[in-house]
Amino acid sequence: MSGPSITIPALQQKKTAGERITMLTCYDATFARLLDRAEVDALLVGDSLGMVVQGHENTLPVTLDEIIYHCRAVARGSSHAHIVADLPFMTYQTSPEQAVDNAGRLLKDGGAHAVKMEGGASIREQIRRCSEAGIPVMGHLGLTPQSVHKMGGHKVQGKNRIQAEKILTEARMVEEAGAYSLVLEGVPEALGQLITEELSIPTIGIGAGRYTDGQVLVIYDLLGMDPDFQPRFVRRYMELGDQIVDAAKAYCDDVKHGHFPNDHEVFLKTG
């Protein structure tokens with residue numbers, strides 16, 4: 001059985017108490033139910049679904065309607081976790097008005113509890129306006145996948161002093177604008193620790209070292225669904241991809257040889 005619902009104040013209390021926050025991506029009701037049973041604090045309906053579910057090379061093609069669809073499914077499956085939905089590429093960057101309208105849809109139509117936006121200074125007003133409208137915003141700095149072309153790939157950010165200072169400055173901006181939490185992705189551990197110590201809001205790291213207030217991983221990576229994707233920051237807790245292949249092969253073999261269904265797996269005639 002899962003515990004009580006995780007709220008934004010509960011996440012803040014975890015930071016204050018020094019208790020680590022757990023977060024995983026989630027894209028459907030079945031996984032949401034399972035992760036609730038595991039008492040994961042927060043579920044991210046991430047635009048990472050563009051890569052792990054849809055098969056794209058990056059997150060850019062994902063649409064707002066697709067995030068809403070998956071968010072609805074997650075919301076139906078979860079009664080415990082704090083649910084955060086990504087605002088996809090070009091659904092908030094144009095103006096604060098665009099950000100409020102689209103973020104509102106993720107809460108109203110998708111059932112999310114909060115939204116996540118990538119960026120710092122360029123979206124400060126978007127964060128502020130959403131927060132003022134009652135829409136909780138989780139920030140995202142460092143390696144921001146929606147800027148993959150600008151960054152020249154999925155590369156660690158903040159490795160030199162100028163980059164690190166810029167990320168730290170923007171982290172302060174994001175907090176000042178009203179964000180209740182901040183994802184730090186693909187930054188050196190020392191920078192992740194510094195930002196975590198500087199901010200009063202919780203930080204959640206992915207490839208940001210050991211000293212953030214919490215950690216997030218893509219659930220498919222944690223489960224080892226793709227044998228060819230093994231970045232340094234991912235810990236594979238099982239090799240489910242291999243197990244799925246083995247199970248499917250066993251099923252095919254049983255069907256071909258007449259072993260499935262057996263006597264116990266059929267409905268017998270009566271009379």
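Trainee: Is Lys 15 buried or exposed, and what is its relative accessible area?
Mentor: Lys 15 falls in the buried class, where buried means under 20% relative accessible area, exposed over 50% and partly exposed in between, with a 1.4 Å probe and protein chains only. This is a predicted model, in which local features need pLDDT of at least 70, side-chain atom pairs count only at pLDDT 80 or more, and totals for chains, interfaces and linings use all residues. Residues are numbered from 1 along each chain as its sequence is written, and side-chain values use heavy atoms, leaving out hydrogens and water. The relative accessible area of Lys 15 is 15%.

Trainee: Which side chain meets Lys 15 in a salt bridge?
Mentor: A salt bridge is a side-chain nitrogen of Lys or Arg within 4 Å of a carboxyl oxygen of Asp or Glu. For Lys 15, the N to O distance is 2.6 Å, and the partner is Asp 213.

Trainee: How many residues apart in sequence are the parts that Asp 213 and Lys 15 tie together?
Mentor: Lys 15 sits in helix α1, while Asp 213 is in the loop between β7 (203-206) and β8; helices (H or I, at least four residues) and strands (E, at least two) are DSSP runs numbered from the N terminus. Asp 213 is buried, at 12% relative accessible area. The pair therefore links parts whose separation in sequence is 198 residues.

Trainee: By about how many helical turns are Glu 165 and Arg 161 separated?
Mentor: These two form a salt bridge whose closest N and O atoms are 3.2 Å apart. Glu 165 is partly exposed at 42%, whereas Arg 161 is exposed at 59%. They are four residues apart in helix α8, which means a separation of about one helical turn.

Trainee: What is the volume of the largest pocket?
Mentor: On a 1 Å grid over the protein atoms alone, a pocket is an open set of points where a 1.4 Å probe fits, with protein on both sides within 12 Å along at least five of seven lines, and lining residues have an atom within 4 Å of a point. Here 49 residues line the largest pocket, and Glu 185, Ile 206, Leu 217, Phe 233 and Val 234 lie nearest its centre. Its volume is about 1400 Å³.

Trainee: Which element gives the most to the lining of the largest pocket?
Mentor: The lining of the largest pocket holds 24 nonpolar, 13 polar and twelve charged residues. With five residues, the element that gives the most is β1.

Trainee: Which element supplies the largest share of the lining of the second largest pocket?
Mentor: The second largest pocket has a volume of about 510 Å³ and is lined by 23 residues, including Thr 144 and Lys 166. At least two residues of its lining come from each of β5 (137-142), α7 (148-151) and α8 (161-177). The largest share, four residues, comes from α8.

Terms used: Grid points are joined across faces, edges and corners, and a volume is the space filled by probe spheres set on the points. Ala, Val, Leu, Ile, Met, Phe, Trp, Tyr, Cys and Pro count as nonpolar, Asp, Glu, Lys and Arg as charged, and the others, Gly among them, as polar.
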